[in-house]
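Hi,

Here is the structure I promised to pass on.

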Number of protein chains: 2
Amino acid sequence: MRYRKIPDEAVWRLPMYLRGLLLSLEKSQETISSQELADFFGVHPWQIRKDFSYFGAFGTPGVGYKVKKLSTQIKKILNLHVSHKAVLVGAGNLGAVILAYPGFKIYGFEITAVFDNNPQKIGQKIENISIKDVSKLSLIKRQKIDLGIIAVPRKAAQEVADRLVEMGIKGILNFSPCRINVPKKVKVITIDIAMDLARLPYYIPSS
Amino acid sequence: MRYRKIPDEAVWRLPMYLRGLLLSLEKSQETISSQELADFFGVHPWQIRKDFSYFGAFGTPGVGYKVKKLSTQIKKILNLHVSHKAVLVGAGNLGAVILAYPGFKIYGFEITAVFDNNPQKIGQKIENISIKDVSKLSLIKRQKIDLGIIAVPRKAAQEVADRLVEMGIKGILNFSPCRINVPKKVKVITIDIAMDLARLPYYIPSS
DNA sequence: TTTAATCTGTGAACGTAAACACAAGTTGAA
DNA sequence: TTCAACTTGTGTTTACGTTCACAGATTAAA
């Protein structure tokens, strides 16, 4: 394959494909075709093949893809072949849900530290992790944590992000409904539930 | 303006612009330029002007946009000028967080019904809404509810979605980590936290 | 009234991604 | 060994979205 710029969209879709593959793997399926995968997600098979082709040739003509092999390769592309440690800031209701969320494991994520600024919460444990004072965030420097999850009120989000960047965090999942500014080398993904909900009514014919 | 197909991406960005406008409105700002708005989100001003232009001309050359007027117009475009009622299915930890989430209000959303299948939860109240048996979902037909929020385990998600569609729900916000099949007229947005997190490590140089 | 500064709205140019079509590889049956 | 059925990988075409550049509208100052 000649060199070609990899579309952001292709990278964006890989985790989706990976989820499907891991599900097939659970069902002990050995091989899967682009058609099967496509049906699973409601996309076109050529889209999937094209996306894979940016990263190499993983399949066998006439057969399809080895589920196990392909999922391993996608994990490698996404840098998910090694497990990642994450720090959670904000131990409120949302923080508790995130901590208890079972879905992180299949991607190899582990939340190993939790911080909050509420004195009543500091020292308590949720999901077997004791909540520490956010002013002691530098504690995470000893561990190899490269991801941060922000689940604090909007007004505190930017400050927390700044601190996380100082501590060497490379990627941030932000649940506060606001943009946060970080150096270019740090990747931020913001999840804004209300905004997502606000996208629905456009497609609903008004009553 | 000549007729032109409106890019999905433009629609997608409108709720973002709206959030910025509502924030400016809180600060009693009267007018705002595309440049100001753009700086706020880290995008280009011509992108914003172009996006608006698909829906009409809202600004004044030499002045900018009236914050209040523009936000009203965007709300109208997004069909957010009327408030929307939503039903929540799944009163677990995640459900409780969603119910308590303060961000829905500014877009005019209100969760007016909650369902679960756990007998221990049915009858209890959270946020002053009593949890009802999911088998009695048809109760919502009397109310004018057009949005559904799914916060149940993956295996139950499709079934819940089917029921919601039966009840006439037009849009679904799905927090289960799976695709759900619905008729074309129903719009679904799926939020998969783990998948979003899985998108980060690609951008992190491996250690 | 004139001029300079400001800012919007939009056609056109450009760049990127999706969709297509098919060559080439693989399998299994005849 | 041959042929038919199947599936991948990718160059090309088409569609779409972004960026650009500027005409035209507005304001404020001279």
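First, the housekeeping. This is a predicted model, with local features needing pLDDT of at least 70, side-chain atom pairs counting only at pLDDT 80 or more, and totals for chains, interfaces and linings using all residues. Residues are numbered from 1 along each chain as written, chains are lettered from A and ligands numbered from 1 in the order written, and side-chain values use heavy atoms, leaving out hydrogens and water.

Now the chains. On chain B, 55 residues are in contact with 54 residues of chain A (heavy atoms within 4.5 Å). Together they bury about 5300 Å², 73% of it on carbon and sulfur atoms (accessible area, 1.4 Å probe, that the two parts lose on being put together, summed over both). The interface has 2 salt bridges (a side-chain nitrogen of Lys or Arg within 4 Å of a carboxyl oxygen of Asp or Glu). One of these joins Arg19(A) to Asp192(B), with the closest N and O atoms 2.0 Å apart.

Trp12(A), Arg19(A) and Leu22(A) supply 70% of what domain 1 buries against domain 2, more than any other three residues. Salt bridges between these domains: 0.

Cheers
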